[in-house]
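Please keep the sequence and the coordinates in view while reading.

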Amino acid sequence: MSLIDANGPKQTATPSSLWHHDAGLLCGVWLFMTSTFVVGGAYDTDEFALLHRIAFWLLTAALVVFQPVILERLFSRFTPATLVGAWLAATGAVLVAIPVVAIEIHLLKSTPLLPRAADPWIQFIPFVGAPVLIVAGFVLFLRFAWERRHLDYKTQLSRSANKPASARGPIGPETLYVRSQDHYLEITTEGGRRFIRGRLADLSTGSDVFGFTPHRSWWVADRAIESCRRDGRDLRLVLSDGTDVPVSRSRRELVRARGLI
């Protein structure tokens, strides 16, 4: 294992991002909802000028599409890393999103963007709740459809420090590296790749596994490291499968202690 200059050959294969990191799908739903409501003049907005209608539905659709996903990601940090926990987080996100969006649209009525008289809350919340429930449910359904196909729910991580390491999802000797992406973990082994819900801090290694965390979002097995290269003032590890892993400046000593620089 050696240090390679940035001008030398380098491998930069990077694992593909998870679905919830791909903003394209969310933006697609957002723009589809906006264009549909603008063209149709939904909810009597056909009386607005075209630019006024576009601005209103761009903002309203963004509130309806993006907020439930943000809330689901927030709630998932406090629910078990299981399928039941995922559904609890999603259900809570939709239920909270309905009154939140209702309050936001109510506040818009005091701005030039939505020059309307305020409606009684008892009637207004169910009126807003239906489209929020449909759109948020559709977006979160797409997430769970992805999870059902790719996520490994058999491996469950405990967030309790009182549980033994064997109960906290140990990293096995076949593991090459683990990448944290929000509340998902991408575990790459010699046999392939799998995803689980959890945090990097909840993983523990077996006694026969040697590795370290060069970055807060990565755990790398020592045997998977081919070389270390410079990228300007930064360092990056090149792994046996060509993956590029960033090295935090605060963790360079860990790399130095392994004789990589």
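Helices (H or I, at least four residues) and strands (E, at least two) are DSSP runs, numbered from the N terminus. The model is predicted, and local features need pLDDT of at least 70, side-chain atom pairs count only at pLDDT 80 or more, while totals for chains, interfaces and linings use all residues. Residues are numbered from 1 along each chain as its sequence is written, and side-chain values use heavy atoms, with hydrogens and water left out.

The loop between α1 and α2 holds Asp 44, and Tyr 43 is found in that loop too. Asp 44 is not a glycine, yet its phi is positive, at about 65°. Tyr 43 likewise has a positive phi, near 55°, in a residue other than glycine. In what follows, buried means under 20% relative accessible area, exposed over 50%, and partly exposed in between (1.4 Å probe, protein chains only). Asp 44 is exposed, with a relative accessible area of 53%, and Tyr 43 is partly exposed, at 39%.

Axes are lines fitted to C-alpha atoms, for helices over the stretch in contact, and angles run from 0 to 180 degrees between N-to-C directions. The axes of α1 (residues 23-40) and α2 (residues 50-75) come within 8 Å and cross at roughly 140°. Contact, defined as heavy atoms within 4.5 Å, is made by residues including Trp 30, Met 33 and Phe 37 of α1 and Trp 57, Val 65 and Phe 66 of α2.

The interior can be described through its nonpolar cores. A nonpolar core is a set of buried Ala, Val, Leu, Ile, Met, Phe, Trp, Tyr and Cys residues joined through side-chain atoms within 4.5 Å. In the largest one, of 33 residues, the members that touch the most others are Met 33, Val 65, Val 128, Val 132, Val 135 and Val 139. At least two residues of this core come from each of α1, α2, α3 (83-108) and α4 (121-150), and α3 gives the largest share, 10 residues. Leaving aside neighbours within four places in sequence, Val 135 is in contact with Val 29, Met 33, Val 64 and Val 65. A second, separate core of 25 residues includes Phe 212, Leu 239, Val 245 and Val 247.

The strands come next. An open sheet of 5 strands runs in the order β5-β4-β3-β8-β7, with antiparallel pairing; two strands pair if DSSP finds at least two bridges between them. β5 (192-197) and β7 (211-215) stand at the edges with a single partner strand each, so one side of each lacks a neighbour in the sheet. From one strand to the next, the twist averages 20°.

Strand β3 (residues 175-181) pairs with β4 (residues 184-189) in the antiparallel sense over 6 bridges, and Gln 181 has Tyr 184 of β4 as its bridge partner. β3 also pairs with β8 in the antiparallel sense, over 3 bridges, where Val 220 of β8 is the partner of Tyr 177. β7 and β8 form a hairpin with 2 residues between them, and in β8 the bridge partner of Gly 211 is Ala 221.

In a regular strand the side chains alternate between the two faces of the sheet. In β8 (residues 218-221), Trp 218 and Val 220 point one way, Trp 219 and Ala 221 point the other way, and all are buried.
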